[in-house]
There are 2 protein chains.
Amino acid sequence: MIKSVEWQNNLVKMIDQTKIPHIFEIVDIKTSEQMYTAIKDMIVRGAPAIGISGAHGVSLGALELQNETDKNVFLDKLHKICEYLKSSRPTAVNLAWAVDKQFELAKTSTSQTVDGVIKELIENGIYLENEDIEINKKMGDYGAEVVPKGATILTHCNAGALATVGYGTALGVVRSAFAKDKTIKVFADETRPRQQGARLTTFELVQDGIDTTLITDGMSGYFMSQGMIDFVVVGADRIASNGDTANKIGTYNLAIVAKEHNVPFYIAAPLSTIDISIASGKQIPIEERDHQEVTHINGERVCAEGVHIINPGFDVTPAKYIAGIITEKGILRAPFEESIKEAFSK
Amino acid sequence: MIKSVEWQNNLVKMIDQTKIPHIFEIVDIKTSEQMYTAIKDMIVRGAPAIGISGAHGVSLGALELQNETDKNVFLDKLHKICEYLKSSRPTAVNLAWAVDKQFELAKTSTSQTVDGVIKELIENGIYLENEDIEINKKMGDYGAEVVPKGATILTHCNAGALATVGYGTALGVVRSAFAKDKTIKVFADETRPRQQGARLTTFELVQDGIDTTLITDGMSGYFMSQGMIDFVVVGADRIASNGDTANKIGTYNLAIVAKEHNVPFYIAAPLSTIDISIASGKQIPIEERDHQEVTHINGERVCAEGVHIINPGFDVTPAKYIAGIITEKGILRAPFEESIKEAFSK
């Protein structure tokens, strides 16, 4: 399995996701600044993948400080790098979760030397990297249990191997379902403005030999009204403690349309995506992205000059639209306040 | 006012809508075959505009038969041209309505000569052309009465001056509302796959000095959840006698999302868009369009090879989602079977 993000010999190998499906290119990320840019410019994207990237970013930042002899000065400087890395994308909680986890490790390390702390950070980054794939496989297996036999599954954006270290969250569920039942089919929303569904999801699924149909974001209701969609599963960028879920813009429309047609709408996300510090989706910051993502496609302007743009990268789907949250500890059901609390106490 | 379609000296002047917003070009349509291609390739689009184009297409076809001395042979050949023109796009009823109207005129004409019939067809085409603008202004005025003061109006696709001969149906409502209240604002869905919202609607509205924000099709729910949309109005390609409405793909999703947020969802369309011969939207044929509209944007492939495509050009919004149908005879309300019947008997 090729990993979307992989620590190798003091640098990070990363698939450049801006070039898929045309070019498959691995880039080297050697500094914390390069990692910040890679996350911000979406060379790497997907909440779990940017979480692991953030963890490795802390390790790269620590390596930049390896000549620091005073451990307190080292920690001060590392803290600044951590805040800088976390600012690259505000909505996904996995990034903050992983960066904070690394910094906590550095702060509480019993190593007497900076080199010792750096070694621990690198090892922990690699541990999280490998754990991500294991978690996805567990989620996939739980999710596959609720996918109807022969189902056509609709998904939005890319919550696949590329959005994680490997295997995927929503597409992990698809992969596990397909492993048991080769008649499973997928419809993929193209996901404007950045078209991750068209560019990345079709790329992953066609490679795996899964029957995949690409549709535009406005078509889901039409196909549901024709009885052609049986199941919806998407990823998440941040889930509040009541189950409200921030995910790629367009997810909320899809959830409403699915509910109207009684098509079950599931979220697949690891527990690290759940932010138990916030009560509801209202507290999730929504990233406002570059206006050119809307005004231009493939470098060509597609609208008149003088038009205004608002480009929220995410929306929040209230918990009432969600049939279940598929996690590595099983499928959480409403009332989510309770099932989420229980999952964290396991 | 520049007309999107205009009869001039035995040919049709037409704005090439595939080139907007980059190039504003008028093309000459000189034969019925050129008219078929112009409609099929969407040089002209929008249900009312292709209706008038079809009417003029019949006149062009009749001119091609002007050396025919036998009126019966002339009518036989003209009938074939009419069927050919109607086959260029199956969903919009205005095309069939206008072409049939012209053929009926030719058949029932009391003119003794073919030249006399041709003259009547051309005159009737010009009459329909001018009538279209008058009808739109009436619709606009009726519609403006239900637009709240200071409203932000969301629209899908382009039901504007370009979709009609001039002024527009849904955008006619916007124009009439704006004439009374300069604080009216518009959000325009880009409308994938062909982006008529981005390319055409923003072009029209910015020219008119109306505050316009372009959004992608998946964003409507987000903005409604923020209380930023007060009113939705779209055009129609065919309305069944129970009020079910076929319009550009993505309209149905928008209608569901609007209903979920209690935002009133209106259709603006002339009575010629209502097909009283069909009982419900289930009988409306949905045009399947070229797959490249989905797989390619601006000539660049945006998805993996090997992916399947289904590209319905339209969807059907059931009447229960529709607050009212704005016509030239007033706003029709539920139960639509009755209000539509009444409008036709006026």
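The model is a predicted one, in which local features need pLDDT of at least 70 and side-chain atom pairs count only at pLDDT 80 or more, while totals for chains, interfaces and linings use all residues. Residues are numbered from 1 along each chain as its sequence is written, chains are lettered from A and ligands numbered from 1 in the order in which they are written, and side-chain values use heavy atoms, with hydrogens and water left out.

Tyr167(B) sits in the loop between strand 4 (152-155) and helix 6 of chain B; helices (H or I, at least four residues) and strands (E, at least two) are DSSP runs, numbered from the N terminus. Although Tyr167(B) is not a glycine, its phi is positive, at about 75°. Most residues other than glycine have a negative phi, and most peptide bonds are trans. A further positive phi in a residue other than glycine belongs to Asn9(B), with a value near 45°. Asn9(B) occupies the loop between strand 1 (5-8) and strand 2 (11-15) of chain B, and Asn9(B) counts as exposed at 72% relative accessibility.

Helix 6 of chain B also takes part in a helix pair. The axes of helix 5 (residues 114-144) and helix 6 (residues 170-180) of chain B come within 7 Å and cross at roughly 60°. Such axes are lines fitted to C-alpha atoms, for helices over the stretch in contact, and angles run from 0 to 180 degrees between N-to-C directions. Helix 5 and helix 6 of chain B are therefore oblique to each other, given that angles under 35 degrees count as roughly parallel, over 145 as roughly antiparallel, 65 to 115 as roughly perpendicular and the rest as oblique. From helix 5 of chain B, the contact draws on Lys137(B), Met139(B), Gly140(B), Asp141(B), Gly143(B) and Ala144(B), and from helix 6 of chain B on Gly172(B), Val173(B), Ser176(B), Ala177(B) and Lys180(B); contact means heavy atoms within 4.5 Å. These residues of the contact of helix 5 with helix 6 of chain B comprise 4 nonpolar, 4 polar and 3 charged, where Ala, Val, Leu, Ile, Met, Phe, Trp, Tyr, Cys and Pro count as nonpolar, Asp, Glu, Lys and Arg as charged, and the others, Gly among them, as polar.

Helix 3 (residues 71-86) and helix 4 (residues 93-108) of chain A pack at an angle of about 180°, with their axes 10 Å apart. Helix 3 of chain A is thus roughly antiparallel to helix 4 of chain A. Among the residues making this contact are Leu75(A), Leu78(A) and Cys82(A) of helix 3 of chain A, and Leu95(A), Val99(A) and Phe103(A) of helix 4 of chain A. By class, the contact of helix 3 with helix 4 of chain A holds 9 nonpolar, 1 polar and 4 charged residues.

Back in chain B, 8 of the 10 residues of helix 9 (residues 251-260) are buried, so this helix is largely enclosed by the rest of the structure. The buried residues of helix 9 of chain B include Tyr252(B), Leu254(B) and Ile256(B). Just after helix 9 of chain B, Asn262(B) takes a positive phi of about 55°. Met42(B), in the loop between helix 1 (32-40) and helix 2 (47-64) of chain B, is buried, with a relative accessible area of 3%. Met42(B) and Gln17(B) lie 25 residues apart in sequence and 7.1 Å apart in space, C-alpha to C-alpha. Not counting residues up to four places away in sequence, Met42(B) touches several residues, including Gln17(B), Arg89(B) and Arg289(B).

Two cis peptide bonds can be found in chain A: the bond from Arg192(A) to Pro193(A), with omega near 5°, and the bond from Ala334(A) to Pro335(A), with omega near -5°. Pro193(A) is placed in the loop between strand 5 (185-189) and helix 7 (196-207) of chain A, whereas Pro335(A) lies in the loop between strand 17 (330-332) and helix 11 (336-345) of chain A.

Finally, the two chains can be compared.

Methods
Buried means under 20% relative accessible area, exposed over 50%, partly exposed in between (1.4 Å probe, protein chains only).
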